[in-house]
Amino acid sequence: MTGHIMAKTILAGSAALMAAGAFAAEADYPISPVPFTKVRFTSGVLADRQYVNRKVTIPFALQQCLESGRLKNFDLAAETMRRRAAGETTFQNRPASSLPFDDTDIYKFLEGASYSLQTNPDPELQKKMEDIIQHVKAAQEPDGYLYTFRTMHPDSPAHEWINQKRWLNDPNLSHELYNLGHFYECATAYFEATGDRTLLDMAVKSAELVNKDLGGDDPCIAPGHQIIEMGLAKLYRQTGDPRWLKLAAHFLENKAKRGPGDPYSQSHKPVLQQDEAVGHAVRANYMYAGMADVAALSGDQRYVDAITKIWDNVVGKKYHLTGGCGARSSGEAYGNNYELPNRCYNETCAAVAFLFWTHRMFLMYGDAKYMDTFERTMYNGAFSGVSLTGDSFFYPNLLESGGSTRSAWFGCACCPPNIMRTIASLGQYVCAKKDDTIYMLLYGSGTVDAGDAKFRQATNYPWDGTVEITVSDVKKSKFALALRIPGWAEGHPVPSDLYTYANDAPAKWTLLVNGKKADYKMDKGFAVIDRTWKNGDTVTLDLPMEVRRVKANEKVGNLAGQVAFELGPIVFAFEQIDQTVKTPWRRWFVTPDAKVTAKYRTDLFQSATKRMYDLRPREPQIFEADGHGVMTVEIETKDGKMVGIPYAWWANRGSMPMRVWLSDSDTSAQHAANKSEEAKVSVSYARGGMNPAAINDGFFPQNPTDIDIENFDFWSHLGGSEWVVLTFEEPVDVSRCKFYWFDDSRRGGGCALPQSWTLSWDNNGQWTPVESSESKMDEITFKQVKTKRLRLDIRQRNRMASGLYEWLVF
């Protein structure tokens, strides 16, 4: 599939374009979002999230930035400049926080607060922002350089990631350009909110320095952590200066320009040759969004083709059911195709970056599938990053946990202000326009001023699929209204074969205008009503919702024999507090014949609900719907009732086990035959954080690609010999053992299958090798013994460690 962007000409490439000295003046996305300032949520999930964000998260983020020393870094940088101007040459200032990109938390706060000011003027908040901006302004060096960790300590780097010279370590970890990308975004947002040019002028001054230092071929710098490309695009839009768009394209084309680099930062090959999402997921998704901006604003079709292939790769092979991205904790990275563990990483920032990227894909193509994935990620993988009360956060977002607690803040705190700025500007994703067509992209009670007309949505979406839209203030009566028909209503959870519904029959949705069947045509997932409109016209879209069972593609090995549940765009999670089944949480199961129903509940999150009411006792207009319940799924099993809550709502009632994917069969008989669960485990060595009890906790991989199970390993003891002993309270009869070895060497880890192993039993105080009749790497059958202890001696491979998921005893 090929997308085409509007431009006077489709150019051969940005390098040729830079040589020509101009971008196509009228190039842009074919579809334009209705500004978030023209959208207001009045009730429901989106209104609640945005209100709590404004009342709690924004002031809370400012408080955390102040208490953690992030603002003080700007003061230290300014102090050093004053002392340098006075002739001092030795400086003792050290950063007040720990990471060179901590400056961006201030920038993201300013950006999110700027969005909030535009929809809800707040003189007190604006005064605080003005004060912070003066601190930031004082830290900018005379030539425009802005990076507190270097400025406060110019005679020697203040962090190991920083080179003695400017910019040279940015392709690795200095984050100088990453910081500026966020700064440019906050500068344009603040200018749009207030008309004050202070930050915008600083941003232009900074960009001029970057262009002077890095706009040529030497040094050839490709940003190590992308986002400056998006920031430069916004700066271009705001100023009209083509230098900033050229610079964004220049940075993209510098990737692998002088040979293959690290996939971690997407430098392994030129960006236009990439067709698979790899490396650090946040960097990757920011880069893909930046490529979309350069494509749209420059008219360079090659970028469109590249990011389309990459998007298809993500949604077809690397996309979690909850819309999360970046399976691996190692490198916070995308994994291999179909590597989608439940004990995943799925950083909140990666979900936010995916929202930016997939929305841009819609603006380019006009295909509803891009907003289908936007909706899935927003309601599940992104909203899970912040608590219902707005003051605690997740960095990774697991699909299975033995118990997790959100944190008030992090040493690396990129995620909290990132989700904050995103929720503050949610309105920009609701509606869009192209020529005489107005697109309704998201559903939620509220109002939209699309210019040609105003629209009021009344709905309890996502808990209910009925949406009533009333048209008013019609200025141009003839236009097409395009309503997104979600993929879930058409019988497919995602626009690929990565996940499917057990019952994939489309819902029998209906569309009425003024109570009568609408005359519409389908176009790229939208029901398009092209007619002459008048004030008071009503459009009723009814999207019947039923709980659907979800199965994963068979190539996702760890999800074989697993099932998940959805209602509309909502993925359900099962927390221990809601379950009456007696089965241990890691063995929860739902058979295909179990009765499944949806139920609206208002009693599950009363503490968070009370907090919301306390926040706004004088604003009853927020509560037009019946207020703060959630839709749940109830499943009757032979072992009791199971209840699922919306995934993004988990961990709001304390730390407890949670699962999204459940077994589709009862495995209790398989566990009953195993005797190892009765034993105590001892090992020769265990590093901090390693739990030897994982060896006999009863949970083991179902296939070689299942990496969800907790393991024990002997890393960092490499090579040599180690041992594991099982001790039973009473002697047991044993004649067979099975071992599930932990091996992450193919993923770049330090554990591999052992070189060899032996099994012994305690024979009256003497370790005696068993008399084996059959032995393989993962299993041994031997002459039956009666003993209270078994010992596994492991000979590790050279420079590698060994590990176990599970040791079964029969």
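Hi everyone, let me start with Phe 455. Setting aside residues up to four places away in sequence, Phe 455 touches Ile 438, Met 440, Gly 446, Thr 447, Val 448, Ala 450, Ile 469, Thr 470, Val 471, Phe 479 and Leu 481, where contact means heavy atoms within 4.5 Å.

A word on the model: it is predicted, so local features need pLDDT of at least 70 and side-chain atom pairs count only at pLDDT 80 or more, while totals for chains, interfaces and linings use all residues. Residues are numbered from 1 along each chain as its sequence is written, and side-chain values use heavy atoms, with hydrogens and water left out.

Now the cores. A nonpolar core here is a set of buried Ala, Val, Leu, Ile, Met, Phe, Trp, Tyr and Cys residues joined through side-chain atoms within 4.5 Å. Buried is under 20% relative accessible area, exposed is over 50%, and partly exposed is in between, with a 1.4 Å probe and protein chains only. The largest core has 219 residues, and those touching the most other members are Phe 183, Tyr 184, Trp 357, Phe 362, Phe 455, Tyr 499 and Trp 661. Helix H13, residues 348-365, gives the largest share of this core, 14 residues. There is also a second, separate core of 28 residues, including Val 683, Tyr 685, Trp 757 and Leu 790.

On to the helices. Helices (H or I, at least four residues) and strands (E, at least two) are DSSP runs, numbered from the N terminus. How many residues of helix H15 (residues 415-424) are buried? The count is 10 of 10, so this helix is mostly covered. Its buried residues pack against helix H2 (45-67), helix H4 (103-119), helix H7 (176-194), helix H11 (281-298), H13 and helix H14 (368-382).

Take H2 first. The axes of H2 and H15 come within 9 Å and cross at roughly 140 degrees; axes are lines fitted to C-alpha atoms, for helices over the stretch in contact, with angles from 0 to 180 degrees between N-to-C directions. H2 and H15 are therefore oblique to each other, given that under 35 degrees counts as roughly parallel, over 145 as roughly antiparallel, 65 to 115 as roughly perpendicular and the rest as oblique. On the H2 side, the contact is made by Arg 49, Gln 50, Asn 53, Thr 57, Ile 58 and Ala 61, and on the H15 side by Ile 419, Met 420, Ile 423 and Ala 424.

How do H4 and H7 lie, roughly parallel or roughly antiparallel? Their axes come within 8 Å and cross at roughly 20 degrees, which makes H4 roughly parallel to H7.

Finally, two loop residues. Arg 343 sits in the loop between helix H12 (301-317) and H13. Arg 343 counts as partly exposed because its relative accessibility is 37%. Between Arg 343 and Pro 657 there are 12 Å in space, C-alpha to C-alpha, though they are 314 residues apart in sequence.

Val 474 is in the loop between strand E8 (466-472) and strand E9 (478-484), and at 22% relative accessibility Val 474 counts as partly exposed. Apart from neighbours within four places in sequence, Val 474 is in contact with Asp 452, Ala 453, Trp 533, Lys 534 and Asn 535. Thanks, everyone!
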